[in-house]
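Please read this briefing with the sequence and the model side by side, and look up each residue as it is named.

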Amino acid sequence: MFDQRRIRKRGLAAQALVLSVREASALGGNGSWQKYDFVLEVRPGDREAFRAELRERFYIVERKPGEADVVSVKYDPHTLKVIFDLAGDPRFDVEAMQRRTAQLKWDTYQRSQSRDASSEGRAAFVTPQGATPGRATEERTQALARLVGLRDAGAISEAEFTALKARLSP
């Protein structure tokens with residue numbers, strides 16, 4: 001435990017490739033933790049890559065690094081002991097994941113607003129004076145704009161976009 005604190009505070013940062021992950025123990029006392037053994041290939045910038053073994057525990061519901069993931073670590077250059085440095089990585093840090101999700105939602109909202117504004121300009125141009133499109137048509141247009149935003153942001157695949165778009169048709 002003391003080594004981990006010392007490495008977290010004074011260790012050198014590096015990237016590591018996860019070579020293998022193995023479940024190390026049964027559930028913790030209250031059933032919410034699981035221990036895993038990791039084998040990593042640590043790739044420091046100033047020295048040759050080296051292998052390191054690491055036992056780490058994660059909440060059952062937490063996403064943990066898997067084989068072939070490249071992750072940030074900190075290591076002691078003398079003992080070559082390694083710890084994960086996952087803070088800020090949206091793949092594993094829940095708060096970073098929430099920030100990234102909020103940013104994607106905001107970007108999608110802004111795209112849909114700009115598309116709505118440009119489509120309103122086109123609709124006014126082709127709609128006879130005094131006529132307004134039906135509410136259902138407006139709702140479908142807005143829903144389609146949201147879907148386009150989600151597709152463009154990478155939140156849904158092209159196939160999902162096509163399927164959802166087909167459900168919007170009258």
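A search of the whole structure finds 10 salt bridges, a salt bridge being a side-chain nitrogen of Lys or Arg within 4 Å of a carboxyl oxygen of Asp or Glu. The model is a predicted one, in which local features need pLDDT of at least 70 and side-chain atom pairs count only at pLDDT 80 or more, whereas totals for chains, interfaces and linings use all residues. Residues are numbered from 1 along each chain as its sequence is written, and side-chain values use heavy atoms, with hydrogens and water left out.

**Salt bridges**

- Lys81 and Asp3 meet through their side chains in a salt bridge, at 2.8 Å from N to O. This pair links distant parts of the chain, since Lys81 lies in the loop between β4 and β5 while Asp3 belongs to helix α1 (residues 2-10), 78 residues apart.
- Lys81 is partly exposed, with a relative accessible area of 41%, and Asp3 is also partly exposed, at 26% (buried means under 20% relative accessible area, exposed over 50%, and partly exposed in between, with a 1.4 Å probe and protein chains only).
- Asp37 and Arg22 form another salt bridge, with 2.9 Å from N to O; Asp37 sits in strand β2 and Arg22 in strand β1, 15 residues apart.
- Within that pair, Asp37 is buried at a relative accessible area of 15%, whereas Arg22 is exposed at 53%.

**The sheet**

- The protein chain holds 4 helices and 5 strands, where helices (H or I, at least four residues) and strands (E, at least two) are DSSP runs numbered from the N terminus.
- Strand β1 (residues 12-23) is joined to the antiparallel strand β4 (residues 70-75) by 6 bridges, and Leu17 stands opposite Val70 in β4.

**The core**

- The largest nonpolar core has 18 residues, and Phe38, Leu40 and Val73 are among those with the most contacts inside it; such a core is a set of buried Ala, Val, Leu, Ile, Met, Phe, Trp, Tyr and Cys residues joined through side-chain atoms within 4.5 Å.
- Two or more residues of this core come from each of β1, β2 (33-43), β3, β4 and β5.
- Leaving aside neighbours within four places in sequence, Leu40 is in contact (heavy atoms within 4.5 Å) with residues including Leu17, Phe50, Val73 and Phe84.

Technical notes
Pairing = 2+ DSSP bridges.
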